[in-house]
Amino acid sequence: MSVSPDSATAVRAAADAAGESGRETLLSVRGLRVSVADGSEVVHGVDLDIPRGSAVGLVGESGSGKTLTCRAVLGLLPVGVEVTGGEISLRGTELTALPAAKRARLRGTDLAAVFQDPASYLNPSITVGAQLAEVLRVKIGLARRAARYRAVELLHAMGLRRPTHVYSQYPFELSGGMLQRVLIAMSITAEPELLIADEATTALDVTVQAEVLELLTELRRDRGLTLMIVSHDLAVISQMCDTVHVFRDGSIVEAGPTRRVLRVPRHPYTRELIENHERFGIDRVRKQRSQQ
Amino acid sequence: MKTITGALRTRAGVIAATVLAVVLLLAVIGPLLAPYDPLKNSTEILQPPSAAHWFGTDYLGRDVLSRVLAGAPRSVFTAFEAVGIGLVIGVAPGITSVYLGRVYEWITLRVMDGLIALPFLIFAIAVAALLGNAVHQAMIAVGILLAPSFYRITRAAALNHANAQYVTASQLFGASMWWVLRTHVWSKILPTLVVATANATAGGLLIVSSLTFLGIGVVPPEPTWGGIVASDLSYLTQVPYGPVFPSLFIMATVGALNLLADAIRDTSGDYGRARILRRGASRVRLT
Amino acid sequence: MTTLNVRDAAGRVAGPTAAADSASTGPVLTAIARTVVALGRALLIAVPVLLVSTFITFMLGGLTEQDPASLVLGDSATPADVARMREVFGLDKPLLLRYLLWLWSALHGDLGSSWFSKIPVAQSIAERLPVSLSVAVGALLIAVVLGCVFGILAAVRQGGWLDRTVTVVTSVLATVPGFIAAIALITVFSLLVPVLPSGGWVPPSAGLWKWASFLLLPSVSLSLDAAADVARQLRTGMADTLHENYIVGAQVRGLPGWRIVLVHALRNGAGPAVAVLGMHVPRLIGGAVIVETVFALPGIGDLTKTAALGGDVPVVQGALLVTIGVVLISSALVNVLLVKLRPAARREI
């Protein structure tokens, strides 16, 4: 139990988990290194394998490199941050070598993402419907009217009441949960295979969070969408993910099937995370209650 | 004061201040430095620059350098006059509009809006010409037209600070309105006002040069920077470089004023904060 | 379609079909309504502005010591003649009454007649307004095109050589008076490389190409100041906008780069540039005096200058009124444009 496996064995564990389920690998990250312009490395050789149709969790405190890993996969690292080593391949296609325009074409149609604070990821001056219709026109090539019609359908499918009304609202007129649904609608319009949800439910109310997570689960079930879920919240990870990767200081310290990692954590940091969660989490209160 | 000394510690501020000091010096003693009589004609017309005539001579054989130097006071101080008038008309209503009630506020706002709608040069020309072709009348017109920008700036700054907590606190302690205005609001408005004044002076110089170029507000033989450009205009084919020297003086002065304004704005923290506040209002929350 | 109706199992809202139909008209209507409201508000603000500015303009005529009666009649006129002449001009009435009468007839298109030539002011203005307007509109177009191209390029290439060049050029242009820009352009394009006329005017009926060639230099020299300001404001506005999260959002959706810059960043970053452009409109119209003098154009600025120097008060008042009208109309349009650009600005004060 006291063994703290290095990242190589951790990855092997993850790969085994994938192998057991017998699904082909959709996204494969090998030895990913990310550095800031001043030369300091912030992600030190991360390995990830995401089987098609699975839900993979990335957990760790803020600044541990999980978001930068996602951004590197998307090809949208902030200005001054660069991939300095490793490979990212999607269905066998090496992404890091692709020119920017080609990567832009992959986004939306092959991989997509939603983030924390949905309001800031929508253009404040354009109605949410028009922004959704824009994606439909650009990525699928629908005509103006058809895009509008389909956008309303999608909003409805995302569980938004009064979709026509929502269509003509500006981002500042909608709540966080509604906006996150709109953003999810936008990200899945072009039927990508992989959806990255980077702290997508963090800022939402607990009930809204549950609804959005349920929506993601449904999308995974009904469309075969592969999920990469980034969260610092172990509850979200345990509810959603088949496998989990624990990030710390730019490296993966432990990886494996979620159930195994949460029940029998091997790395001290993972144990610490779980303990913190138990100590401060709602489960502890409930446990105490039931004991009394 | 502190904001100006702060700006002087930057490189741009030093350059701007040096240029302005030279220009001001020229405006005061320039006419004394002139090597020739700026009004005296000679047979050496349209000479290129030489050791005897650094800037050459114009179509009447007058020394251009002497004319530029002699024209300095009129070209520079008239702009100051206009800005001074603009400050007087703009600043006081700008500050008081925040404090003296809604009717007063409404009236001042409408009057300033009305002034903004007046097209600058045409109005200045109309005033100067109709009120007897004299420079002071023209400057009154320019001053009136500069007033709205001062009004808006001081009003915005006063609005920003009127609801600030320290002002509310002072009022709670029974401080009089004028005391609050003098000690708190005025000191906060000052950097903004200095920046606006520098920019307005640059604008004023451009307008004065344009007016004198058109022959408004000056009687012909009297040299001004704008007027010197105009007088050589018909001889552009012979001396295409003719307008260069007086133009350089105008541009250097205007450029130095703009540079100084930028330096003060960049070093004055309060002004910067006000800008960020304004931006913040239109901005979506960032993660 | 198979992927749709994920939530239908949960028994939420009925089919989206009916709702989708009304979506095609709903947003359009609200957009029109917003525009109408914005335009109405802008015009409402313009009324007191018009009153104040015309009053100032009119008082100017009242304050002048020029007495048209003696000006027109000359030194040999008897006091009785002068009194009769004053009555003809309506100068015996009190100033305020004269203002109201003038405003009333101005609203009916009657701006009076020149004291000297007796030509109706409205007629002289109508003859010259097209010249000034074509130069001003030309300058506006050039300013928008130059400002947008360089402002956007500088913002996209932040910190690059183009960005630094644009910054330097715009700062230098801000120091150049209009007449110097005009003279420099004449020197280069009419004297050194004689490709364009150095001045004068032909109506469009003389051939569009010829008309444009006479229009080009005046328009460019008038536009430089505004173009520099627009480029600078657009660069600042867009540079800020390009760092916003919704740009990342648009990138994540896989939108092409040009679309992100021209649709998403430009729309939010253009506000200050549009406002500055609005502030330049009076200058484009007022600054026409300079351009019209240098290029010998028979425009409204030239008319005003000549009339003002000759003391022809009705012409000056009429010309000012018309310029103010043009300024107010264009600033109302700018306000509408701003509201359309940034609907979120409705929340701001």
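Once neighbours within four places in sequence are set aside, C:Thr304 has contacts with C:Val316 and C:Ala319 of chain C, and with B:Ile122 of chain B.

## The second largest pocket

By class, 24 of the lining residues are nonpolar, 14 polar and 10 charged.

Elements of chains A and C contribute to this lining, each of the following with at least two residues. From chain A these are α2 (66–74), β4 (81–90) and α3 (100–106); from chain C they are α6 (121–156), α10 (245–252) and α11 (257–269). The largest share, 5 residues, is supplied by α2(A).

## Confidence in chain B

The average pLDDT of chain B is 78, and 86% of its residues score at least 70. Within chain B, helix α3 (residues 64–96) has the highest confidence, at a mean of 88, whereas helix α11 (residues 269–281) has the lowest, at 38.

Residues 270–287 of chain B have a pLDDT below 50, and this stretch makes 22 contacts in the model beyond near neighbours in sequence. Where pLDDT is low, predicted coordinates should not be read in detail.

Conventions:
Residues are numbered from 1 along each chain as its sequence is written. Chains are lettered from A and ligands numbered from 1 in the order in which they are written. This is a predicted model: local features need pLDDT of at least 70, side-chain atom pairs count only at pLDDT 80 or more; totals for chains, interfaces and linings use all residues. Side-chain values use heavy atoms; hydrogens and water are left out. Contact means heavy atoms within 4.5 Å. Helices (H or I, at least four residues) and strands (E, at least two) are DSSP runs, numbered from the N terminus. Ala, Val, Leu, Ile, Met, Phe, Trp, Tyr, Cys and Pro count as nonpolar, Asp, Glu, Lys and Arg as charged, and the others, Gly among them, as polar. pLDDT is the predictor's confidence in each residue, from 0 to 100.
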